Amino acid sequence: MKTNQMRSMRDIPTIQGLHNRSVPANREKAVTELARLEHEQARLQRELDMWQANQRKTERRLQQVQERLALVQAVLSPPDTDGSPRRTEARRSSEEEVRRDRPWQEVKLEY
Amino acid sequence: MAVAEKLAAEVPVALSMRPRPDFVESPTIRELTRRALAYLQAGFAVHFRGPAGTGKTTLALHVAGQLGRPAVLICGDEEFATSDLIGGQFGYHYRKVVDRFIHSVLKYEEDAIQQWVDNRLTTACREGFTLIYDEFTRSRPEANNVLLAVLEERLLVLPTASHKHNYIKVHPEFRAIFTSNPQEYAGVHEAQDALSDRLVTIDMGYHGRETEIAITAARSGLPPEEAAKIVDIVRDLRSSGEYDQAPTLRACIMIARVVAMQGLRASARDPRFASICMDILESKMAFTTQAQERRAQQRKMLLSLIEHHCG
């Protein structure tokens, strides 16, 4: 074993480590390890399922936020009525820049 | 989120002008509009000056409408201060922080910050709206000082430390239209020379007979020939000089509208028509107990005018 490949305490060779990694010498040890590994497999599978469920949940939430964001942005800057394409703007960095392009509330006055 | 909430509360309100269906645009009005637009497009502020009832405010609204930009309307007032034009510190924003991040340390902060709220001039300068300052000489001259830099240097100077931007560069589309009545003596001030010097003043007089007839007919619904009789009575009274308050186009419209609504005709033989004319036009003459004889003569003259035009 090359010592320069060690990355953590787990990689330090010990008597117990060598013992665990070696092929079971008898049936009793093989059955014990089989049971332990089956439990570990089941635990890792549960962990994987949990991560995947969390990923799906986060993706759904992200989609909802993006839809809501598009709705709010449309309220702040309605599309041009003449059908001309609207210039895509970079995300504004300050309140002052947002204020510059915002619409105003109009009150109609007949004279 | 905080920015979005703040913006929703601060969306400026502007006027969008359009002429009424019965708006009369005579050649004189068209010419005045053309001249005013030429000055405004060159970047100068325009000032319509003339006696009451000559259509200054309507013309200012019309010209502003022709510019095609939203407008804000300010009416001059004796009580006006600079803050009524530019804005001021209104209300408080409170912030309280209790920090117990480390259980043995209590950090407690509380502060109240006054909030700046823009008023109409600031909004107009920032957004490039058209400012219509009606009867601006009713405001005290010092209240209008802030307009000097706006009109000349195109810079709105706000009070120091009251706003995060103390100097606002005036929007290139910003335009200003002023109106005033030089004959008014109640509740008006002299305009300071510095401000008058920055304005292109267009003097306005009473409209011609045909225009007054057209406006009276359009605003009352009376046929033009009926409206003409009323206009002639008012114009003759005005040219006689026998009044204390000049009878204007408004008097024509008042008489004509009541006559139209009551279903009457402009006839001297109808006592109801005569009484409407007397009610509206007699008030143009001062009511004094000492000059009963003069008042009787004025009344007689008014009745003879009604008889002459509507007999």
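**Close-up views of a predicted model**

**View 1. Helix 5 of chain B and the residue that follows.** Just after helix 5 of chain B, G128(B) adopts a positive phi of about 80 degrees; helices here are DSSP runs of H or I with at least four residues, strands are runs of E with at least two, and both are numbered from the N terminus. Of the 8 residues in this helix (residues 120-127), 7 are buried, so the helix is largely enclosed by the rest of the structure, where buried means under 20% relative accessible area, exposed over 50% and partly exposed in between (1.4 Å probe, protein chains only). Among the buried residues are L121(B), C125(B) and R126(B).

This is a predicted model, in which local features need pLDDT of at least 70 and side-chain atom pairs count only at pLDDT 80 or more, while totals for chains, interfaces and linings use all residues. Side-chain values use heavy atoms, without hydrogens and water, residues are numbered from 1 along each chain as its sequence is written, and chains are lettered from A and ligands numbered from 1 in the order in which they are written.

**View 2. The rings of F136(B) and F178(B).** Their centres lie 5.2 Å apart with planes at 75 degrees, so the pair is edge-to-face; rings of Phe, Tyr and Trp (its six-membered ring) pair if their centres lie within 6.5 Å, with planes under 30 degrees apart stacked, over 60 edge-to-face and the rest tilted.

**View 3. The rings of Y92(B) and Y94(B).** With centres 6.1 Å apart and planes at 35 degrees, this pair is tilted. Y92(B) is partly exposed at 49% relative accessibility, whereas Y94(B) is exposed at 60%.
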